[in-house]
Amino acid sequence: MEIREYLEPIADIFRNLGTPEPIVHWGHPLMMAIVVFVMGSFVGFTGWRRRVVTDETIAVESASNHRKMAPFMFLFIALGYTGGILSLVMQEQQIFESPHFWTGSVVLALLATNGLISLTKFGGNQAALRTTHAYLGSIALCIMFVHAVLGLRLGLAI
């Protein structure tokens, strides 16, 4: 059974709610733009700020802000990922043919990996895992920006 067959009954529920087409079409991009550009930038900034500042007070505050916000960013991205797939189904578009789908999948995988690294407390505070975490997060953030451009192209093409 294809994934679309599992998602179609859920899409039908949302179709029958009478949600206006512009919301179905542009709701996901608008909400995810906020998550990516606002939360993503904040999480990336605070993570790197913690690594590079010399003032211990600022470093501790940045680490605290990063630790508080990153899980929410991951949650919203995971929910948005699900919503984006559902939006494609609702608009009767192919799921797996879009580069936007694949960049979103890569971002989600990178962020999940980063979350697991942090949950291990960086393997007992290993410098190599802290560095890996920083660069994986940065790569994920860069891909998120590419993902946003691909999503805009997809939205304009539908």
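Student: Which residues are linked in a network of salt bridges here?
Tutor: In this predicted model, the network of salt bridges links Glu8, Asp12 and Arg15.

Student: What are the N to O distances, starting with Arg15 and Glu8?
Tutor: The side chains of Arg15 and Glu8 form a salt bridge at 2.5 Å, N to O, and in the salt bridge between Asp12 and Arg15 the closest N and O atoms are 2.6 Å apart.

Student: And how many salt bridges does a search of the whole structure find?
Tutor: Searching the whole structure gives two salt bridges.

Student: Where do Asp12 and Arg15 lie, and how many residues apart are they?
Tutor: Both belong to helix 1, and a separation of three residues, about one turn of the helix, lies between Asp12 and Arg15.

Student: Switching to packing: how do the axes of helix 1 and helix 3 cross?
Tutor: The axes of helix 1 (residues 3-15) and helix 3 come within 9 Å, with a crossing angle of roughly 80°, and therefore helix 1 is roughly perpendicular to helix 3.

Student: What's the contact made of, by class?
Tutor: Where helix 1 touches helix 3 there are nine nonpolar residues, three charged ones and no polar ones. The helix 1 side consists of Arg4, Leu7, Glu8, Ile10, Ala11, Phe14 and Arg15, which meet Ile85, Leu86, Leu88, Val89 and Met90 of helix 3.

Student: Ile85, then: buried or exposed?
Tutor: Ile85, which is found in helix 3 (residues 56-90), counts as buried because its relative accessibility is 14%, the cut-off for that class being under 20%.

Student: What does Ile85 touch beyond four places in sequence?
Tutor: Leaving out residues up to four places away in sequence, Ile85 touches Leu7, Ile95 and Phe101. As for Phe72, that residue is 13 residues from Ile85 in sequence and 20 Å away in space, C-alpha to C-alpha.

Student: New topic: where is His133, and is the residue buried or exposed?
Tutor: His133 sits in helix 6 (residues 127-157) and is buried, with a relative accessible area of 16%.

Student: Which residues is His133 in contact with?
Tutor: Apart from neighbours within four places in sequence, His133 is in contact with His66, Asn114, Ile117, Ser118 and Phe122.

Key. Residues numbered from 1 in each chain as written. Predicted model: local features only at pLDDT ≥ 70, side-chain atom pairs only at ≥ 80, totals over all residues. Heavy atoms only, no water. Helix = DSSP H or I, 4+ residues; strand = E, 2+ residues; numbered from the N terminus. Buried < 20%, exposed > 50% of the residue type's maximum accessible area, 1.4 Å probe, protein only. Contact = heavy atoms within 4.5 Å. Axes fitted to C-alpha atoms, helices over the stretch in contact; angles between N-to-C directions. Parallel < 35°, antiparallel > 145°, perpendicular 65-115°, else oblique. Nonpolar A, V, L, I, M, F, W, Y, C, P; charged D, E, K, R; others polar. Salt bridge = Lys/Arg side-chain N within 4 Å of Asp/Glu carboxyl O.
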